Amino acid sequence: MQAGLYIVGTPIGNLGDMSPRGIDTLKNADLIACEDTRVSGILAAKFDIKTKRIPLHEHNERETADNLIKEIQAGKSIAVISDSGMPGISDPGFNIVRAARAAGISIFAVPGPTAFATALSISGFPTDRFSFLGFMPSTEGGRNKELTQASRHPGTLIYYESPNRIRDTLAALARIMPERRIAVARELTKIFDEVITGYPADFPKFEERGEIVLLIEPAARPTLSDGDIREIVEDVVKSARSTKEAAIEIASRGGIPKSEAYAKALEAKK
């Protein structure tokens, strides 16, 4: 293998999702840096991967990264894996990738499953615009502040949450965003995986265990009258440098399709 850093995705639940390229990379690398050597040992045993493994987790990543960079500069290939999903996505990996970039080292991605993208794809919530916001704060104050600020984001909101705190988060959502449906995706790709949807205040009961992805649907756009749209068009066309620019602004402010906004902008300029 070419010397460099290999960021390797691993299954988020079902080991059958491990890619052939991922297996080959882990077998042929000089070293595997993993979040937990015990967890990665299960993967290694399943696919007969005998490459030496060392820990690379949140408590030692900054220090270990420097040594691994030196190993790569000496001609070695090093693979990085987390317990599940893609390294660096709410998991260790970011610091070593950043250090490798700074050192001018070759970095290769070996893609694998990611829990938030998997949950979004089967949630039934809009996928054209979304915000992945990582782990929900663990304190009540932090949680309330986070959700209040996030409520202004456009698109679907996605969080990782602990099964021990999910009920507290649902209660906070019932206060802060009661009108927005949510989805709880748990144990994705495993035998008992499920996605439950509903409104926060009367959310269905579910088994509070396993890895949880929380999704919040976008806020409904306010419905504007024809008169409101006409006022927006007149206001925008006065200052827009082009019809295209006007159409983009009209669509954004009026909540209408860009094609319709473009036609209204053309009509207003006649």
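Which residues in α6 meet which residues in α7? In this model, which is predicted rather than experimental, E140, R143, N144, L147 and T148 in α6 meet D168, T169, A172, L173, R175 and I176 in α7.

- The axes of α6 and helix α7, the latter spanning residues 166–176, come within 10 Å and cross at roughly 45°, which makes α6 oblique to α7.
- The crossing of α6 and α7 is right-handed, and the residues of their contact divide into 4 nonpolar, 3 polar and 4 charged.

**The sheet with parallel pairing**

- Another open sheet of 5 strands has the order β6-β7-β10-β8-β9, here with mixed pairing.
- Its edges are β6 and β9 (194–198), and because each has a single partner strand, one side of each is left without a neighbour in the sheet.
- Neighbouring strands of this sheet are turned by 20° against each other on average, direction being ignored.
- Helix α5 (residues 115–123) packs on the sheet, where it touches β6, β7, β8 (182–186), β9 and β10 (212–216), and the direction of α5 makes about 50° with that of β10.
- Helix α6 also packs on this sheet, touching β6, β7 and β10, with a direction that makes about 160° with that of β7.
- Strand β6 (residues 130–135) pairs with strand β7 (residues 156–161) in the parallel sense over 4 bridges, and F132 stands opposite I158 in β7.
- Together, β6, helix α6 (residues 140–150) and β7 make a right-handed β-α-β unit, and it is the helix of this unit whose residues, including E140 and L147, meet α7.

- Two packed helices are described by the angle between their axes and the distance between the axes.
- Helix α8 (residues 226–239) and α9 pack at an angle of about 145°, with a distance of 9 Å between their axes, and α8 passes α9 in a right-handed crossing.
- On the α8 side that contact is made by I229, I232, V233, D235, V236 and S239, and on the α9 side by E245, A246, E249, I250, R253 and G254; by class, the contact has 6 nonpolar, 2 polar and 4 charged residues.
- Helix α9 (residues 243–254) packs in turn with helix α10 (residues 258–269) at an angle of about 125°, their axes being 8 Å apart, which makes α9 oblique to α10.
- The passage of α9 across α10 is likewise a right-handed crossing, with T243, K244, A246, A247, I250 and A251 of α9 in contact with K258, A261, Y262, A265, L266 and K269 of α10.
- The residues of the contact of α9 with α10 divide into 8 nonpolar, 1 polar and 3 charged.
- A246 and I250 of α9 take part in the contact with α8 and also in the contact with α10.

Terms used. Residues are numbered from 1 along each chain as its sequence is written. This is a predicted model: local features need pLDDT of at least 70, side-chain atom pairs count only at pLDDT 80 or more; totals for chains, interfaces and linings use all residues. Side-chain values use heavy atoms; hydrogens and water are left out. Axes are lines fitted to C-alpha atoms, for helices over the stretch in contact, and angles run from 0 to 180 degrees between N-to-C directions. Helices (H or I, at least four residues) and strands (E, at least two) are DSSP runs, numbered from the N terminus. Angles under 35 degrees count as roughly parallel, over 145 as roughly antiparallel, 65 to 115 as roughly perpendicular and the rest as oblique. A crossing is left-handed if the near helix is turned anticlockwise from the far one by less than a right angle, and right-handed if clockwise. Contact means heavy atoms within 4.5 Å. Ala, Val, Leu, Ile, Met, Phe, Trp, Tyr, Cys and Pro count as nonpolar, Asp, Glu, Lys and Arg as charged, and the others, Gly among them, as polar. Two strands pair if DSSP finds at least two bridges between them. A crossover is right-handed if, with the strands pointing away from the viewer, the path from the first strand over the helix to the second runs clockwise.
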